[in-house]
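Trainee: Hi, I have a model open and would like to talk through how it is put together. Could you help me read it?

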Amino acid sequence: MTNNKSNSWIGHVACFTAYLIFGFNIIVCKDLTGGGEISPLAIFTLRAIGASALFWLLGAFLPKEKVDRKDFPKILVASMLGLFLTQVSFLFGIRQCTPMDWAILTVLSPIFTMFIAAVAIKEPITIKKACGVAISFAGVVTLILSSSHSGGAESTTIAGVLLCLLNVLSFSLYLGFFRPLIQKYNVVTFMKWMFLFSLIVSLPFTSRELATLEWAAIPALHYWELAFLIIFSTFISYFLIPVGQKHIRPTAVSLYSYLQPIIASGISIWIGMDRLTPLKVISAAAVVAGVILVNRSRAKES
C-alpha cells in the first residue's frame, strides 16, 4: 500500500500528459473530420492500424507475457468500450459540436464514474451528489440552448451532444470496470490486444473505402494531423492512461478530463474555430460546479 502511494505521482504525470494531448486532439480531429476526404470510421481504422503496429512492434522488444484464455473475452469488451465506441463516437460527434462545447461536456466524466461506482461497488448516491448532477445537467441544457441558437456552420447539435455523452459513458465504463484486468498485465501487452481487437471489428466496415481512397487528394495538413492522431493521441495517450490506472483511482483518472476544456477552448478561440459567449461561460461554470460538488461528497464519504 505504501509503495502504491509513493508511486502515485507516476499515475498523475501519466494522466496529466494523456489528457493534455486529448485537449489538442479535439482541435485536430475537428479539422480532420471536417474535410470529408476520409470518413470518421475509416479514420478510426487508420488509428487502430497505426497503434496496433506500434504496440506489437514495441512488444517484440519486451519480455513475452502470456494472456490467460479466459481474459480474451474481457479484453474484447474492454476494447469495444475503451477504444471502438469511445473513439468512433468522438470522430462522428466532433463534426457536430464546436470544440469548446465538446470539451465542456467531457467534464461530466466523473459523474458517469459515480453512477458506475453506484452499480459496480454499491457506492451510495447522496443528496449532495444528486444536487451536483442536477447543477451539471442544467449547465448542459444551457450549453445546448446557447449553441443551437448561435447560428452559423459551427454550432452544436443535439446529435453531437448525444454522441459526446456516449463517448464519455463508454470511456467511464472502461475506467470503472476494467481496472483489475489492466493491473493484471503489462501496459504494452494489454494495449496491443485492445487495438488488435478493435481493428478486427472496424476493418469489415472500412476496408473498401480505404482500398479506393484517393490518397493524393488528401491535403498535406491532414497527413500531419493523422500522424499526430496515431502517434500522440492514440499510441502515447493510450499507453499513459493504463499507467495512470495502475497507480491512482478511476475517479482521480477521470478528474484529469478538466484539462480538456481548458486546452481545447483556449486553442479554438485563439485560431478562430470557436468563440466565447456569456451563456457558454455560465454553462461551463454550472457543469464544473456540479462535478466539484459530486467529488467533494465522495471525498467526505471515503
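Trainee: In what order do the elements run from the N terminus on?
Mentor: They run α-α-α-α-α-α-α-α-α-α-α-α-α-α. That gives 14 helices and 0 strands. Helices (H or I, at least four residues) and strands (E, at least two) are DSSP runs, numbered from the N terminus. This is a predicted model, where local features need pLDDT of at least 70 and side-chain atom pairs count only at pLDDT 80 or more, while totals for chains, interfaces and linings use all residues. Residues are numbered from 1 along each chain as its sequence is written, and side-chain values use heavy atoms, with hydrogens and water left out.

Trainee: Thanks! What share of the residues is buried?
Mentor: Buried residues are 52% of the 302 in the protein. Buried means under 20% relative accessible area, exposed over 50%, and partly exposed in between (1.4 Å probe, protein chains only).

Trainee: What about contacts between residues 24 or more positions apart?
Mentor: Those pairs account for 91% of the contacts with a separation of 6 or more. Contact here means heavy atoms within 4.5 Å.

Trainee: On to packing. How do helix 4 and helix 8 sit against each other?
Mentor: Helix 4 (residues 72–93) and helix 8 pack at about 160°, and their axes are 8 Å apart. That makes helix 4 roughly antiparallel to helix 8. Axes are lines fitted to C-alpha atoms, for helices over the stretch in contact, and angles run from 0 to 180 degrees between N-to-C directions. Under 35 degrees counts as roughly parallel, over 145 as roughly antiparallel, 65 to 115 as roughly perpendicular and the rest as oblique.

Trainee: Which hand does that crossing have?
Mentor: The crossing of helix 4 and helix 8 is left-handed. Left-handed means the near helix is turned anticlockwise from the far one by less than a right angle, and right-handed means clockwise.

Trainee: Which kinds of residue make up the contact of helix 4 with helix 8?
Mentor: By class there are 10 nonpolar, 7 polar and no charged residues. Ala, Val, Leu, Ile, Met, Phe, Trp, Tyr, Cys and Pro count as nonpolar, Asp, Glu, Lys and Arg as charged, and the others, Gly among them, as polar.

Trainee: Where does helix 8 meet helix 11?
Mentor: Phe 171, Tyr 174 and Leu 175 in helix 8 meet Tyr 238, Ile 241 and Gln 245 in helix 11. This contact divides into 5 nonpolar, 1 polar and no charged residues. The angle is about 45° and the axes are 11 Å apart, so the two helices are oblique to each other.

Trainee: How does helix 3 pack on helix 11?
Mentor: Helix 3 (residues 40–60) and helix 11 pack at about 55°, with axes 9 Å apart. Helix 3 is therefore oblique to helix 11, and it passes helix 11 in a right-handed crossing.

Trainee: Last one: what does Phe 24 touch?
Mentor: Leaving out residues up to four places away in sequence, Phe 24 touches Phe 228, Ile 263 and Ile 267. Phe 24 lies in helix 2 (residues 8–34) and is partly exposed, with a relative accessible area of 38%. Its C-alpha atom is separated by 9.8 Å from that of Leu 229, 205 residues apart along the chain.
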